[in-house]
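Work through the exercises below with the model open beside you. Try each task before reading its solution.

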Amino acid sequence: MLFRSLIRTLSSPRSYLVKYNCLGTSFSNYRQIVPLSTTKPALKDEKVKVSFVLHDGKRIEAEGKIGDSLLDVVVNNDLNIEGFGACEGTLTCSTCHVILKKDDYERLPGEVTDEERDMLDLAYGLTDYSRLGCQIELSKDLDGLEVKVPETINDARS
Amino acid sequence: MGIKHLKVVARMLSTGQNNPRVCIVGAGAAGFYAAMHLTKNMANVNVDLLEKLPVPFGLVRYGVAPDHPEVKNVINQFTKVAQHPNVNYYGNVALGKDVSLHQLRQHYHAVLLTYGAEEDRILGIENEDAKNVVAARNFVGWYNGLPSDKDLKVDLSNSTAAILGQGNVALDVARILLSPIDELRKTDITEYALQTLAESKIKELYLIGRRGPLQVAFTIKELREQLKLKNCSTIWRENDFKGVEETIPNLARPRKRLTELMIKSFKEDHKKQEDDLNQKYFMPIFFRSPNKFLVNENQVLTGIELKCNRLVGDKLEDQKCVPTGEMEVLKCGLAFRSIGYRSTPVDRDLIFTPYGTVANDKGCVTVDNSSHLAKVYVAGWLGTGPVGVILHTMGNAFHVAKTVCEDLKNENCLDNRGGFEEVRKTISPGNNEIVDWKGWEKIDKHEVDQGKSKGKPREKICSVKEMLEIAL
């Protein structure tokens, strides 16, 4: 089971990106380089629960590893969120747009980069608490995180 | 393959119901996103993707700039769609040439047109056909290896060029012309374009818009990239920014951030350094409309006569420009027209709007609705006009595909339709050169192999004939 999920993670497009683009920090790849006996064995397999609430109210619950991005969670669990992550986490689209609760948004570490804001500017239904899923890294603190996935359809496009 | 055939047999044995057959014409972003939605939401649907070229992905392959490989990652999602057991790809089949819309409507339950907008809009001014007046569309096709544009003659021997238009295509063209050549060598730009660009003499590039900084059509990512280009300074005109900063607090977020970035760059006040031979200059000009192209006795471009404009109207983004009566002459040896695209009416049954799109109501095309003919739908730029990034095309394609699904589910009993096997019989025997997905995979592999020796992600094959030789 563990082996299967490892294979799936390694063969996902995301891990390609991590290898060649230095943009992500997926824990599974870290494990590839570092011997399995790390100093923090307890952390290694700790899972974080997240849920995605789609625009039609449908709720998808999934688990990710610490260090995974929300996009990793969608890809690794093959979640049925249409069109999510078109550019595979390279900050060149906004298809992984998610909306957080105010408190969650504010407790996320780090600044939102200009490049992420640039892509968010193109997203439908942009809010003050919008982020790109590929840029949100899971930590223990975020266990139980719930994000909204807004509709990608907008008839009043300019 | 075996599984696929078994599935077909199983389907035929299990029920008397006919599975819905959908034909999608045009294998670009809109076509693939629509196919994605259909296969995810209708288990028994059969989707045939028809494409005029032997190769798939439309503007993702031939429009997206070579230095934006990340944007092309979406090809991985599209490839999964194409490999879905209920999806078939048929390349080198052109609507209006090999098949008619009427035929498709006979053999499918729904026909979705997603063949995009392939013509560029013209200005309709004097000397537009002069030598060195180039459609940005063709230039983009040229550096990206589009078969119909591969022989374009591009003359980069003059030091000054101008782009008419201020959208993302205009900025793509600017970036390709101003980027250090070594940056481009790592991309999948065609080898002949690389050679021509390596010898380019262009030092100054104008970007001309008829309205002001508050109405530009390009997006912030593209501008940021342009401003960060190595060995390139951006020089704005001071008069163009009068009163612009004051409006910033009243702007909505995307426009606000874009305007702030322009103001920031404007205040940095780059000056021309005549002694620096490596330095190039990007020079946006606002409030100017081309009046006519100026030519010499050999009909070669020497400059552009520009009409000066001012804006009228209350709402910033809807402001219209009116000429002030003044004129300005801009000397340049090369001009790119980048003012938008329009679709072509490839089939006589299609009704077009004056804007160059297929007349439609939320993706439903109004053609004669005899009950035995399939309904016709349109998605992507063919229906919406050439606006927005891939995300917008995705949203539109999902939306229209949803309507297709609902309509098909509401049909009580679908009659038996032959799909592509029937259509194939009507294609003239001269054209048996239909490329399936396996054929594309051969081309893909060949291109990637060819690229390897040059340190590029791929070297595109630019001739249809050669594509067919590899695929078949």
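## Exercise 1: a salt bridge in chain A

Arg59(A) and Glu146(A) form a salt bridge, with their closest N and O atoms 2.8 Å apart. This is a predicted model, in which local features need pLDDT of at least 70, side-chain atom pairs count only at pLDDT 80 or more, and totals for chains, interfaces and linings use all residues. Residues are numbered from 1 along each chain as its sequence is written, chains are lettered from A and ligands numbered from 1 in the order in which they are written, and side-chain values use heavy atoms, with hydrogens and water left out.

**Solution.** 
- Step 1. Apply the rule: a salt bridge is a side-chain nitrogen of Lys or Arg within 4 Å of a carboxyl oxygen of Asp or Glu.
- Step 2. Check exposure. Buried means under 20% relative accessible area, exposed over 50%, and partly exposed in between (1.4 Å probe, protein chains only).

Helices (H or I, at least four residues) and strands (E, at least two) are DSSP runs, numbered from the N terminus.

## Exercise 2: the interface

**Task.** Describe how chain B meets chain A, from contacts to charges.

**Solution.** 
- Step 1. Count contacts (heavy atoms within 4.5 Å). 30 residues of chain B touch 31 residues of chain A.
- Step 2. Take the buried area, the accessible area (1.4 Å probe) that two parts lose on being put together, summed over both. The two chains bury about 2,700 Å², 53% of it on carbon and sulfur atoms.
- Step 3. Find the main contributors. Arg253(B), Leu391(B) and His392(B) supply 21% of the area that chain B buries here, more than any other three residues.
- Step 4. Turn to charges. Seven salt bridges cross the interface. One of them joins Lys228(B) to Glu115(A) at 3.1 Å, N to O.
- Step 5. Search the whole structure, over all chains: the total is 44 salt bridges.

## Exercise 3: cores and buried helices

**Task.** Which residues have the most contacts inside the largest nonpolar core, and why is helix 7 of chain B largely enclosed?

**Solution.** 
- Step 1. A nonpolar core is a set of buried Ala, Val, Leu, Ile, Met, Phe, Trp, Tyr and Cys residues joined through side-chain atoms within 4.5 Å.
- Step 2. The largest has 54 residues, and Ile24(B), Phe32(B), Tyr33(B) and Leu38(B) have the most contacts inside it. Helix 14 (residues 390–410) of chain B gives the most to this core, with nine residues.
- Step 3. A second, separate core of 47 residues includes Ala170(B), Leu171(B), Leu178(B) and Leu334(B).
- Step 4. Helix 7 (residues 168–178) of chain B has nine of its eleven residues buried, so the rest of the structure largely encloses it. Among the buried residues are Asp172(B) and Arg175(B).
- Step 5. Helix 6 (residues 136–144) of chain B is also largely enclosed, because eight of its nine residues are buried. Just after helix 6, Gly145(B) takes a positive phi of about 80°.

## Exercise 4: strand 14 of chain B

**Task.** Which strands pair with strand 14 of chain B, and in what sense?

**Solution.** 
- Step 1. Two strands pair if DSSP finds at least two bridges between them.
- Step 2. Strand 6 (residues 133–135) of chain B pairs with strand 14 in the parallel sense over three bridges. Strand 7 (residues 160–164) of chain B pairs with strand 14 in the parallel sense over four bridges.
- Step 3. Arg337(B) is the bridge partner of Ala135(B) and of Leu164(B).
- Step 4. Leu334(B) and Phe336(B) point one way from strand 14 (residues 334–337), Ala335(B) and Arg337(B) the other way, and all are buried.
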